[in-house]
Amino acid sequence: MSLTASELATIVKGALSAIAGAGDLSEIKKVKIEHLGDKSPLAKASQSLGSLPADQKAEFGKVVGAAKSEVNSAFEARVLELEALRDAKVLLEEKVDVTLPAPKISKGGLHPLTILTNEINDLFLGLGYRVAEGPELESEWLNFDALNIPADHPARTMQDTFFVEPLEAKLVLRTHTSPVQIRTMLENKPPIYVICPGRTYRADELDATHTPVFSQVEGLVIDRGITMADLKGTLDYFAQAMFGPEVKTRLRPSFFPFTEPSAEVDFFFNGRWVEWGGCGMVNPKVLQACGIDTEEFSGFAFGMGLERTLMVRHGITDMHDIVEADIRFTQSFGLGGR
Ligand code: DAH
């Protein structure tokens with residue numbers, strides 16, 4: 001079956017008007033299938049060439065080829081136009097109004113314990129102390145032995161201390177920040193003035209007043225002629241900075257293996273005495289173990305819990321608030337950024 005030139009012209013006309021009439025890229029896709037696809041009239045015209053006698057084949061082949069290329073270029077030109085239209089539309093629809101007020105991004109706050117630690121560091125830096133740190137995974141020797149805590153001391157038993165496997169490695173999660181005292185004395189010659197804040201661990205259940213992961217701050221001073229009066233004066237200064245100028249402190253005789261004499265330090269706040277921490281004059285045995293001449297130097301040390309400090313100062317009644325650190329809780333302490 002063959003095709004006349006005028007039939008071919010009609011096909012081309014139909015294709016061109018369909019191409020021109022396509023309003024967007026999805027319409028032109030359909031037009032392509034219908035007018036340029038395998039089953040389109042143009043394709044059929046091409047196929048019909050096969051059945052023509054040889055002399056007509058060449059001549060009519062040229063005509064069909066020209067028709068196809070006319071339709072193809074019209075198609076390609078229209079696609080370019082439609083793409084440009086789509087891009088313009090997208091630009092318009094996605095236009096950003098830079099004058100609109102931006103949505104507020106809510107900033108997290110520093111954890112109140114971090115804010116408190118920064119505050120304490122600043123306070124002692126102002127007194128000429130250095131901030132010292134040690135690892136939370138600590139050697140049993142530094143956490144206990146070097147502090148004169150004997151092997152049978154209750155603090156060492158399984159119920160308090162997180163021992164870390166393999167047990168032969170003799171590593172524990174430090175139960176207090178006091179090993180940082182030893183590290184400092186082994187690494188530095190006196191005079192020593194350091195403050196050591198950090199995270200500590202004990203096998204306690206989390207409840208309203210306890211948490212197995214807690215924080216302490218340790219102070220250590222070793223110098224010539226240091227006495228208990230220096231300790232008391234320093235604790236008063238510290239307490240007043242934490243709880244206000246009206247706060248009072250008192251020392252109660254106590255026992256710690258690493259201090260002699262030892263005391264508990266309490267402060268009087270909002271009408272009651274609150275236990276704050278432990279303190280004392282560094283035990284000469286500890287100084288000697290660290291190679292410090294006890295004829296020339298003496299020192300004091302203290303250590304207290306940061307959670308307790310924070311809870312009393314801010315009237316926080318549940319430890320869960322500190323541990324969970326919900327942003328609604330932490331934000332009430334301000335952002336703490338500096
Ligand atoms: N390390 C003690 C504890 O965790 C607290 C303490 C007591 C620290 C007396 C000291 C100190 O530096 O002198 O309970």
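This is a predicted model: local features need pLDDT of at least 70, side-chain atom pairs count only at pLDDT 80 or more; totals for chains, interfaces and linings use all residues.
**Sheet.** I looked up the strand order first. The sheet is open and has 7 strands, in the order E1-E5-E6-E10-E9-E8-E7. Its pairing is mixed. I then checked the edges. Strand E1 (130–131) and strand E7 (248–256) stand there, and each has a single partner strand, so one side of each is left without a neighbour in the sheet.

**E1 and its partner.** I asked how many bridges join E1 to strand E5. There are 2, and E1 and E5 (residues 192–201) run parallel. I also noted that Arg 130 stands opposite Val 194 in E5.

**Helices on the sheet.** I looked up helix H5, residues 112–125, which packs on the sheet. Helix H5 touches E1, E5, strand E6 (213–223) and strand E10 (298–305). The direction of H5 makes about 170° with that of E5. Helix H10, residues 306–314, packs on the sheet as well. I found that H10 touches E6, strand E8 (259–269), strand E9 (272–282) and E10. Its direction makes about 105° with that of E6.

Next I looked up distances from oxygen atoms of the ligand. One is 3.0 Å, to an N or O atom in the side chain of Gln 216. Last, I checked the ligand's area: taken alone, the ligand exposes 350 Å², and the protein buries 90% of that.

Terms used: Residues are numbered from 1 along each chain as its sequence is written. Side-chain values use heavy atoms; hydrogens and water are left out. Two strands pair if DSSP finds at least two bridges between them. Helices (H or I, at least four residues) and strands (E, at least two) are DSSP runs, numbered from the N terminus. Contact means heavy atoms within 4.5 Å. Axes are lines fitted to C-alpha atoms, for helices over the stretch in contact, and angles run from 0 to 180 degrees between N-to-C directions. A polar contact is a pair of N or O atoms within 3.5 Å; within protein, one must be able to donate a hydrogen and the other to accept it, and residues adjacent in sequence count only if both atoms are side-chain atoms. Accessible areas come from the Shrake-Rupley method with a 1.4 Å probe; for residues, only the protein chains shown count as cover.
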